[in-house]
Structures are given as structure tokens and as C-alpha cells.
Amino acid sequence: MQITDTIADMLTRIRNASTAKHETVDIPASNMKKAIAQILVDEGYVKSFQVIEDGKQGVIRVTLKYTGVSRTPVITGLRRVSKPGLRIYSSSEDMPKVMRGIGIAIVSTSKGVMTDKSARKENVGGEVLAFVW
């Protein structure tokens with residue numbers, strides 16, 4: 001089966017795994033997904049990720065993060081913003097704030113994939129990929 005929007009597929013896999021309280025989730029690898037996973041680790045939304053080479057495309061294994069005894073997921077929401085049918089771009093001045101600064105926006109810029117805060121700091125705009133809170 002051909003997947004049109006691979007980033008939405010990645011976010012859906014993470015959302016479903018955290019709702020089901022799984023420890024890890026496997027995602028087909030790509031450089032864009034590795035960059036998004038690195039941002040999620042840096043911002044503290046997931047514990048870690050590792051790239052497993054399988055001789056073909058590779059797999060990203062994301063280790064999810066939970067808080068407390070009740071194991072509530074750290075990620076309360078994931079939303080794909082820019083879709084293949086409707087791309088959403090933003091300048092550095094108009095960069096969206098997620099949940100009034102509590103969450104992050106993942107942005108694909110000319111300087112690489114970064115959060116909305118670092119895009120504002122480096123004064124670059126780009127395609128708003130997703131919101132995480």
C-alpha cells in the first residue's frame with residue numbers, strides 16, 4: 001500500500017501507540033522523520049529513538065515517554081498542519097504559537113527542520129509541518 005503523507009502516518013503511529021500505552025513504536029525511516037524524531041527527543045516529548053537498518057529503507061524505533069504511576073502520555077496532542085493537498089507556510093514573524101507557547105510547532109525551513117522558537121530566533125520561515133502539545 002502506497003502512503004501519500006508519510007509524516008501524518010508517523011504522527012498517527014505515535015498517537016496510537018501512546019494511547020495504547022506501548023513502550024516503543026516502529027516507523028519506516030526517512031531523513032525528514034529522523035529530524036522530527038530528534039526534535040521530539042530534544043523537546044522532551046519522547047525518551048529516545050534509534051534507527052534500525054534492515055537492508056532496505058530502515059526503521060525508526062521511537063521509545064515513548066510517560067509520567068507518573070498512572071502512565072499518562074507526555075504527548076497529549078499531535079496534529080498535522082501542512083498536508084500534501086494544502087501546504088501551510090509561515091514567515092518568522094507570523095510563526096504560530098501552540099497552546100500559547102506550551103506546545104511546539106515543527107517547521108521545515110531552508111536551514112533544516114526545527115521548532116517554531118528556534119525558527120523565530122534564526123529569523124527564518126518555512127512550511128509548518130505539525131503541532132505537538
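Three helices and 10 strands make up the secondary structure of the chain. Helices (H or I, at least four residues) and strands (E, at least two) are DSSP runs, numbered from the N terminus. The order along the sequence is α-β-α-β-β-β-β-β-β-β-β-α-β. This is a predicted model: local features need pLDDT of at least 70, side-chain atom pairs count only at pLDDT 80 or more, and totals for chains, interfaces and linings use all residues. Residues are numbered from 1 along each chain as its sequence is written, and side-chain values use heavy atoms, with hydrogens and water left out.

**Overall fold**

- The C-alpha trace spans about 40 × 40 × 25 Å along its principal axes.
- Among contacts with a separation of 6 or more, 61% join residues 24 or more positions apart. Contact means heavy atoms within 4.5 Å.

**Surface and charge**

- Buried residues make up 40% of the 133 in the chain. Buried means under 20% relative accessible area, exposed over 50%, and partly exposed in between (1.4 Å probe, protein chains only).
- The chain exposes about 7500 Å², with 52% of that area supplied by carbon and sulfur atoms. Accessible areas come from the Shrake-Rupley method with a 1.4 Å probe; for residues, only the protein chains shown count as cover.
- There are 20 positive and 13 negative side chains, and the centres of the two sets lie 5 Å apart. Lys and Arg count as positive, Asp and Glu as negative; His and the chain ends are not counted. Each charge is placed at NZ of Lys, CZ of Arg, CG of Asp or CD of Glu.

- Ser 90 sits in strand β7, residues 89-90. Ser 90 counts as buried because its relative accessible area is 11%.
- The side chain of Ser 90 reaches the backbone oxygen of Asp 94 at 3.0 Å.
- Beyond four places in sequence, Ser 90 touches Met 95, Pro 96, Gly 125, Gly 126 and Val 128.
- Thr 12 is 78 residues from Ser 90 in sequence, and their C-alpha atoms are 24 Å apart.
- Ser 92 belongs to the loop between β7 and β8 (104-109). Its relative accessibility is 8%, so Ser 92 counts as buried.
- The Ser 92 side chain makes polar contacts with the side chain of Glu 93 at 3.2 Å and with that of Asn 123 at 2.7 Å. A polar contact is a pair of N or O atoms within 3.5 Å; within protein, one must be able to donate a hydrogen and the other to accept it, and residues adjacent in sequence count only if both atoms are side-chain atoms.
- With neighbours within four places left aside, Ser 92 contacts Ala 119, Arg 120, Asn 123, Val 124 and Gly 125.

**Helix α3**

- Asp 116 lies in helix α3, which covers residues 116-122. Asp 116 counts as buried because its relative accessibility is 2%.
- Outside four places in sequence, Asp 116 touches Met 95, Pro 96, Lys 97, Ile 104, Ala 105 and Val 107.

**Strand β4**

- Thr 67 lies in strand β4, residues 66-67. At 40% relative accessibility, Thr 67 is partly exposed.
- Not counting residues up to four places away, Thr 67 touches Thr 72 and Val 74.
- Glu 43 is 24 residues from Thr 67 along the chain, with 15 Å between their C-alpha atoms.

**Loop residues and positive phi**

- Most residues other than glycine have a negative phi.
- Lys 21 has a positive phi, near 60°. Lys 21 is in the loop between α1 (6-19) and β1 (24-28), and is partly exposed at 38% relative accessibility.
- Arg 100 also has a positive phi, near 55°. Arg 100 is in the loop between β7 and β8, and counts as exposed at 83% relative accessibility.
- Lys 83 falls in the loop between β6 (78-80) and β7. Lys 83 is partly exposed, at 44% relative accessibility.
- Lys 83 and Ile 7 are 76 residues apart along the chain, and their C-alpha atoms are separated by 9.1 Å.
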